[in-house]
Amino acid sequence: MSTPAAPGPQHGSAVPPKPEPKPKPRLVFDDPLDQQSSDDTDRGWGERPPAGGSTADLARFLDEKPPHHI
């Protein structure tokens, strides 16, 4: 009688390499209020950069006109 092959790794089969662990996030102890946020800028509030010309001024006026001024 013959015995069945034992389960386990076969000779000649390649073992996949273990993936490298992800580095842990750095702890930063800086004061967050020392950094400027996007809300501290005009762009963060939806302002456009200043553009010259009366056409740009008219477009801004029409975009920002309150609804009761129609």
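Residues are numbered from 1 along each chain as its sequence is written. As the model is a predicted one, local features need pLDDT of at least 70 and side-chain atom pairs pLDDT 80 or more, while totals for chains, interfaces and linings use all residues; side-chain values use heavy atoms, leaving out hydrogens and water.

Begin with the whole protein chain. It has 1 helix and 0 strands (DSSP runs numbered from the N terminus: H or I of at least four residues for helices, E of at least two for strands). Of its 70 residues, 0% are buried (under 20% relative accessible area; exposed is over 50%, partly exposed in between, with a 1.4 Å probe and protein chains only). The accessible surface comes to about 7800 Å², 58% of it belonging to carbon and sulfur atoms (Shrake-Rupley method, 1.4 Å probe; for residues, only the protein chains shown count as cover).

Next, select Arg-60 and Glu-64. Their closest N and O atoms are 3.2 Å apart, forming a salt bridge. Both residues lie in helix 1 (residues 54–64), 4 residues apart, about one turn of the helix. Arg-60 is partly exposed at 42% relative accessibility, and Glu-64 is partly exposed at 48%.

Finally, select Leu-58, Phe-61 and Leu-62. Together they form a nonpolar surface patch with about 310 Å² of accessible area (patch residues have over 30% relative accessible area and no salt bridge; nonpolar side chains, namely Val, Leu, Ile, Met, Phe, Trp and Tyr, are joined within 5 Å, like charges within 9 Å). Leu-62 belongs to helix 1 and is partly exposed, with a relative accessible area of 46%.

How values were computed. A salt bridge is a side-chain nitrogen of Lys or Arg within 4 Å of a carboxyl oxygen of Asp or Glu.
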